[in-house]
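Student: Could you take me through the contacts between side chains here, one step at a time?
Tutor: Gladly; let us look first and then take your questions in turn.
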Amino acid sequence: MGKSTSVLTSIFYLVKSSHSRSTIIITITTLLICITVFTMAGQANSMALQAYCSLCIFDLLFIGTALLSAWIMENNNTKVRQKMQISNNIDNNSINNSTSLFIPTQTITTFSYGTARFEVLAVFTSTMLSILGAFFILKESIEKYLEDETIHTEYLILSSILTYIIHMIVIYFVRNQAFDHVIAASSSSWLQEHVSDMFQSVCHYIPGLSRLLLPRINPLALLCWCGLAIVFSDSFLLKMGYGHFVDTLSSLLMAFMTFGTMVPMAIYSGKILLQTTPAPMIGQLDKCLHEASRLDGVLEFRHEHFWALSFGTLVGSLHVRCRRDADEQLVLAHVWNKLANVVQILTIHVFKDDWLRRQTHTFMQPQTSNPVLSNNPSTYNGFVVVT
């Protein structure tokens, strides 16, 4: 009962915000247009039109991911405020002592990062469903070609224009932090690579378009433009009497473009689900580790492991071997200070060179706070200090 009440409360606050209300209005409009264009595609009996109208289904998944991102952001903000209140209470009640040590909170048998990976899973699911839909279009196109049914061209232009308009509205007017991050961080699709040179030439003569087309255009918008050109060409060639092979070829081309656009985003989000280190972060991590290894008292690092928890959130753990005469707290604080700007959730195990005494310390840096070193060990932000 408590969980259901919490979910309903989160949905209420999500709907209450003005940004989410506009997204919900776009969602309802997209759903109505999706039903309309698929009805027209069924009457037209054109697989090229059905392949292009499948972008409306992806738009619904895109909007669902945007709403999920907004809900997760609201939950994270609430948790950060609660942690700040708890931290302030702990700081007020803490006792300063020269022998105090940083220790982790009480270990629990079940541990979870909560909703941190929901966005990654939503993006991966959306892209994989689009890839599966492309294979379905591929199969249906071959079957339609063998059946040799009549294609009605009167619905092609209208339904394709409706699909184009709603897709561009969803892509550019719905705020989706998850997909924006994936589009910016993932590798370019083959369609982007083929048109990048052409866009650079266009922007050379029309500099005002550089903000839209460079450094690389949004792959979802590019897919929409190319699909619209394919449907228009298909309609023109069918009216010229070129036969059903044109419609089949257009649907196959649309399916291959959808596949090529979604694969880079699916690979990027899939690697995060597999807990791998993001390629753009490897160089920065190596630099921070090299700087931290040269700190006074640090002998070596062992068992370094860094992986992406979600978009923009890196998790890491490492063992630090320090000198016998080194101050464990000081080594711990300086190593954390070097890595905290890159790794948001960091676990550090510190042990001395003699292997006789072992201390374990856990640091979890809130994304909204900046690490500040102080001479007083009990005043570090966001951590529990016990005597």
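Student: How many disulfides does a search of the whole structure find?
Tutor: Bear in mind that this is a predicted model. A disulfide would need a pair of cysteine sulfur atoms within 2.5 Å. A search of the whole structure for such pairs gives a count of zero.

Student: Is Cys322 buried or exposed?
Tutor: A residue counts as buried when its relative accessible area is under 20%. Cys322 has a relative accessible area of 0%, and therefore Cys322 is buried.

Student: Which strand holds the partner that Glu300 meets in a salt bridge?
Tutor: The side chains of Glu300 and Arg321 meet in a salt bridge, at 2.7 Å from N to O. This pair links distant parts of the chain, 21 residues apart, with Glu300 in strand β2 (residues 298-310). Its partner Arg321 lies in residues 313-322, which is strand β3.

Student: Is Arg321 buried or exposed?
Tutor: The cut-off for buried is under 20% relative accessible area. Arg321 has a relative accessibility of 16%, so Arg321 counts as buried.

Student: What does Asp325 form with Arg323, and is Asp325 buried or exposed?
Tutor: The closest N and O atoms of Asp325 and Arg323 are 3.0 Å apart, and the two residues form a salt bridge. Exposed means over 50% relative accessible area. Asp325 has a relative accessible area of 61%, so Asp325 is exposed.

Technical notes: Residues are numbered from 1 along each chain as its sequence is written. This is a predicted model: local features need pLDDT of at least 70, side-chain atom pairs count only at pLDDT 80 or more; totals for chains, interfaces and linings use all residues. Side-chain values use heavy atoms; hydrogens and water are left out. Buried means under 20% relative accessible area, exposed over 50%, partly exposed in between (1.4 Å probe, protein chains only). A salt bridge is a side-chain nitrogen of Lys or Arg within 4 Å of a carboxyl oxygen of Asp or Glu. Helices (H or I, at least four residues) and strands (E, at least two) are DSSP runs, numbered from the N terminus.
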